[in-house]
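Trainee: I would like to go through the labels used for this model and see what each one rests on.
Mentor: Then ask about them in turn.

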Amino acid sequence: MVTTSAEFRDNNHVLSGVSDVRPRIEGADGPGPAARARAGRRDRPAIRVMARLNPSSAALQAWDALVDRTPGTDVTQFSTWGMLRGLAGFAPLYLLAHRSTDLVGGALIMTRRVPVLGSLGYLPYGPLVAAGTAGPDDVTRALADALVVLGRRRLRMLFVQPPEGAERMSCELLRRGFRPSSAGIAPTGSIRIDLTADLAEIRSRFGKRLKSWTNRWESRGVTVRIGDESDIPLLVNLMATAAQHQGYQPLPPDYVATLYRKLAATGHAALFVGEVNGVPVAADLVTRCGGMVRGRAVRVRPGRGGGPAERAGRHPLADHPVGQGKRIPVA
């Protein structure tokens, strides 16, 4: 029997889960592909998965580097995000998977204690397996085992949103008793745009209505510029207006400012400001991670700008979803 150890270490105790691969009977002509693959697994050190509430600075730097080069994940796996969510009452819990001294995978789980229910956990866009690591399936199984142990012994509920393209991880979690959720904790849809193409090609793929919008923007004084920290009050104001209109609690201004400042400093966030005749009317906070740019919040201030359309009683962006107070996730 070949075993892949998933050792779950906390500050005070060690928990272990083991997944096994049972041998197959090979033909008389010698070991087949499955046997050779198992031999390769025996040559690799076991995977150790450790749980840490307060990893060292070096460990966090290594984790952030792994997140940044892993396709399909999001800034919600950066240590900076864990710090930010700490401002909102969450506690970050890290699962760090090592093969010998090499960090080969892991997860950042946001935990929170809720009255009556107990401790809950949310894992967005994870767990992650380092791109190019040897034996990725071993790492996947070890992380899945560790999540099972964590869910059974430390958390009352654990919500996992695997990264894009991580079908193997999803299968391993389902095999271990996880089930699909309808809790609605993540966006159900998004608009995906290939940003490697030039602007003309991108616009050529728009639908008829969107082409009509963009073709009229220049004549109506609509421009977009890259914002900076001085534009955060505008974004906060627009988000507060949208929250009041749609009936939810807006993010605190200090939280939004810290989010932008921390992520923009490392090149993982940018703010775009839409203006009509030089007057700011919309803002879009986007984040970048793993080759993907995602819109975090697109907000518009209706009825402002002073352009020709407004003098005619209609805002230039009124027909666009953002002009209708809707958030457009771009993923």
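Mentor: The expected span of a helix is 1.5 Å times one less than its number of residues. Keep in mind that this is a predicted model.

Trainee: How does the span of helix 8 compare with the span expected at 1.5 Å a residue?
Mentor: Helix 8, residues 232-246, has 15 residues and runs 21 Å from its first C-alpha to its last, close to the expected 21 Å. Its buried residues include Ile-232, Leu-235 and Met-239. Gly-247 follows the helix and has a positive phi, near 80°.

Trainee: Why is strand 11 called largely enclosed by the rest of the structure?
Mentor: Buried means under 20% relative accessible area. Eight of the eleven residues of strand 11 (residues 279-289) are buried, so the strand is largely enclosed.

Trainee: What makes strand 10 and strand 11 a pair?
Mentor: At least two bridges between two strands are needed. Strand 10 (residues 269-276) and strand 11 have eight, in the antiparallel sense, and therefore count as paired. Val-273 stands opposite Ala-283 in strand 11. The two strands form a hairpin with two residues between them.

Trainee: Why is Ser-100 called exposed, and why is Asn-277 called partly exposed?
Mentor: Ser-100 has 56% relative accessibility and so counts as exposed. Asn-277, at 44%, counts as partly exposed. Ser-100 also has a positive phi, near 60°.

Trainee: Why is the contact of Arg-168 with Asp-137 called a salt bridge?
Mentor: The cut-off is 4 Å between a side-chain nitrogen of Lys or Arg and a carboxyl oxygen of Asp or Glu. The closest N and O atoms of Arg-168 and Asp-137 are 3.0 Å apart, so the pair qualifies. It links distant parts of the chain: Arg-168 is in helix 5 (residues 167-175) and Asp-137 in helix 4 (residues 136-153), 31 residues apart.

Trainee: How do you know that Arg-141 and Asp-138 are separated by about one helical turn?
Mentor: They are three residues apart in helix 4, which means about one turn. Arg-141 and Asp-138 are both buried.

Definitions and conventions
Residues are numbered from 1 along each chain as its sequence is written. This is a predicted model: local features need pLDDT of at least 70, side-chain atom pairs count only at pLDDT 80 or more; totals for chains, interfaces and linings use all residues. Side-chain values use heavy atoms; hydrogens and water are left out. Buried means under 20% relative accessible area, exposed over 50%, partly exposed in between (1.4 Å probe, protein chains only). Helices (H or I, at least four residues) and strands (E, at least two) are DSSP runs, numbered from the N terminus.
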